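Hi there,

Here is the structure I promised to pass on to you. Please have a look at it, and then read my notes below.

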Amino acid sequence: MTKKFQSAEFHLRFIAKIIDFIIVFVLLLVLGIFGLLLSLFYILFKDTFFNGQSVGKKIFAIKVVDPKKDGIKCSSAQSILRNLPFAIVILIPYIPFVGWLLFFTIGLFILFFEAYLVYNRDNSERIGDIL
C-alpha cells in the first residue's frame, strides 16, 4: 500500500534552496576550482545523504522522499536527475567568454522556471522531479 505524501510549503522549500545556494557560493568563493567540484557534488547528491535532507532542508525539517517506494529517501540517480538543472546553472558562468551572459539569460530562466513549477503545479514537482 502506497502512502500519500504532502509537499512542503513553497516558502520553506524556497528558503531551504537559498540556504543550499549560499553554501555553494561560499564553497566557490573560498575554494576556487576545488570549490566548484565540491559544489557540484553537494548540489547533485544533497538529497541522497542525511536521510534525504540537505542542510537547508534539515533546518526546516523537510526532506525528499520517493513516493513510489513508501517514502524512503531518493536514490543517488534520482538525486542527480532532480538536481541537474541547478548543477547546469552553477556551471554556466564557467563557459569562456559568454558564461556570465548565459547565466543571466538561460541560468536565471532555469531557476525562475523551477520556482514557477513548484509554485503552480498541483504536486509541486520541479523539472528534475519530472525527469
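Below is what I found, going from the whole protein to one residue.

This is a predicted model, in which local features need pLDDT of at least 70 and side-chain atom pairs count only at pLDDT 80 or more, while totals for chains, interfaces and linings use all residues. Residues are numbered from 1 along each chain as its sequence is written, and side-chain values use heavy atoms, leaving out hydrogens and water.

The protein has five helices and zero strands (helices are DSSP runs of H or I with at least four residues, strands are runs of E with at least two, and both are numbered from the N terminus). Of its 131 residues, 35% are buried, meaning under 20% relative accessible area with a 1.4 Å probe, protein chains only.

Now for Thr 48, in the loop between helix H1 (10-45) and helix H2 (55-59). Is Thr 48 buried or exposed? Its relative accessible area is 8%, so Thr 48 is buried. Leaving aside neighbours within four places in sequence, Thr 48 is in contact (heavy atoms within 4.5 Å) with Lys 73, Cys 74, Ser 75, Ser 76 and Ser 79. Phe 45 also touches Ser 76 and Ser 79, among others, not counting residues up to four places away in sequence.

Happy exploring!

Technical notes
Buried means under 20% relative accessible area, exposed over 50%, partly exposed in between (1.4 Å probe, protein chains only).
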